[in-house]
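Please open the model in your viewer and keep the selection panel at hand.

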Amino acid sequence: MAENKKKTIGQQQTSWSPLAWGLVMGIVFGFLLQKGGVTKYDVILGQLLLTDFTMVKIILTAILTGMIGIYAMKSLGWVELSVKSGSWGMNGIGGLIFGVGFALLGYCPGTIAGAIGNGSLDAMVGGLAGIWIGSGLFAALYPKLRSGILKKGDFGDLTLPKLFKVNDWVVVIPAAVLIVVVLIWIEMAGL
Amino acid sequence: MNFLTEVQWSPYAVGVGIGVLSWLSFLISKKPLGTSTSYAKTSGMIERFFRGPDVGLRPYYQKIKLDIDWQWMLVMGIVFGSLLSALLSGDFSFEWVPALWLSAFGYTPILRIIIAMIGGIFLGFGSRWADGCTSGHGISGALQLAVSSWISAIAFFASGILVAQILFRLIAG
């Protein structure tokens, strides 16, 4: 009996721990986003108006750090990539629609959660409801879109190293150098 | 521990922090950081609550599954993490109209809420269409050098920059 009980608790723990890790990582993510200033409308619109480059600096530094670490761990066999399949119709058109919302709302899906955390009522009252409505509309239209426009120019789960048919590091190293050059250029331009 | 009470950190420190967090999410949770699917799940769960279980049978909800998962908890965590950071630094405040909006359009809370909601509709619709957002494509996908993510990220900023310029330099200007 005691052993059975222990087993059940053990199983519960295994199903709860991914959720607990999600929460913990989310808290760290939200903390970092708020400390970076990108949970604020003014900072995000400043980026889109090209007057404040905080958001691009954060994203490029995160890509640089993340890319080197993930590809190093992939080389060691510690992690597997999780690449999203895509197409021109999906990512090109969807991305352009997203950008309209990005500029009108002034937050993106990650930063709006942070904006709610630091008290932005436009995010909480207007933006959140809008995202739910927009997502629901897409779910209703999905059967009509999935085998048409979303498949236009399909390229699957392609990565740049696969596209160029080269070793990962042949892309990772120049990409890292390029990001550093862009960041130095942004700093030298005083942005 | 003074840095915890600072209002703003260097963007490079924050970027490195998010990069390291992405290593941990791959290592521990075997998932890339992303957020936007969770809003679609919540939207589906709200609709299912009001309109009944048939909502869950829609093909899109069969695909993404209407459940509380790792990413949903991640989004919840972002709210609390940001709240914690803002409280520690005294940066928390309830605000209807951001300063930049105020300088361009005056104190117009209702207009701001309406535009925020229209923006949210485009953002929710577009993130489902593109299958990701600034986190899932812009950071996690881009750092894996995914072609889908680089196309998405470039499109997010291209149309975002265009619409922001129209809004602030043509309409408000």
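Select D122(A) and R112(B), which form a salt bridge whose closest N and O atoms are 2.8 Å apart; the term stands for a side-chain nitrogen of Lys or Arg within 4 Å of a carboxyl oxygen of Asp or Glu. Between chain B and chain A the count is two salt bridges. This is a predicted model, in which local features need pLDDT of at least 70 and side-chain atom pairs count only at pLDDT 80 or more, while totals for chains, interfaces and linings use all residues. Residues are numbered from 1 along each chain as its sequence is written, chains are lettered from A in the order in which they are written, and side-chain values use heavy atoms, with hydrogens and water left out.

Next, select the whole contact between the chains, to which chain B brings 115 residues and chain A 118 residues, contact meaning heavy atoms within 4.5 Å. The buried area, that is, the accessible area (1.4 Å probe) that two parts lose on being put together, summed over both, is about 10,200 Å² here, and carbon and sulfur atoms give 76% of it. On the chain B side, colour Y39(B), W129(B) and L145(B), which lose the most area to chain A and together make up 8% of what that side buries.

Now stay in chain A and select domain 1 (35–81 + 165–191), then domain 2 (84–158); such bounds come from an automatic or database domain assignment. The C-alpha centres of domain 1 and domain 2 of chain A lie 22 Å apart, and eight residues of domain 1 of chain A are in contact with 11 residues of domain 2 of chain A. Between these two domains of chain A about 740 Å² is buried, with 70% coming from carbon and sulfur atoms, and the count of salt bridges is zero. On the domain 1 side, α2(A) gives the most to this contact, with four residues.

Phi of L50(A) is near 60°, a positive value in a residue other than glycine. L50(A) counts as partly exposed because its relative accessibility is 39%, the class lying between buried (under 20%) and exposed (over 50%), with a 1.4 Å probe and protein chains only.

Finally, select K65(B), in the loop between α3 (59–64) and α4 (70–89) of chain B. Phi of K65(B), again not a glycine, is positive, near 65°, and K65(B) is partly exposed at 48% relative accessibility.

Key
Helix = DSSP H or I, 4+ residues; strand = E, 2+ residues; numbered from the N terminus.
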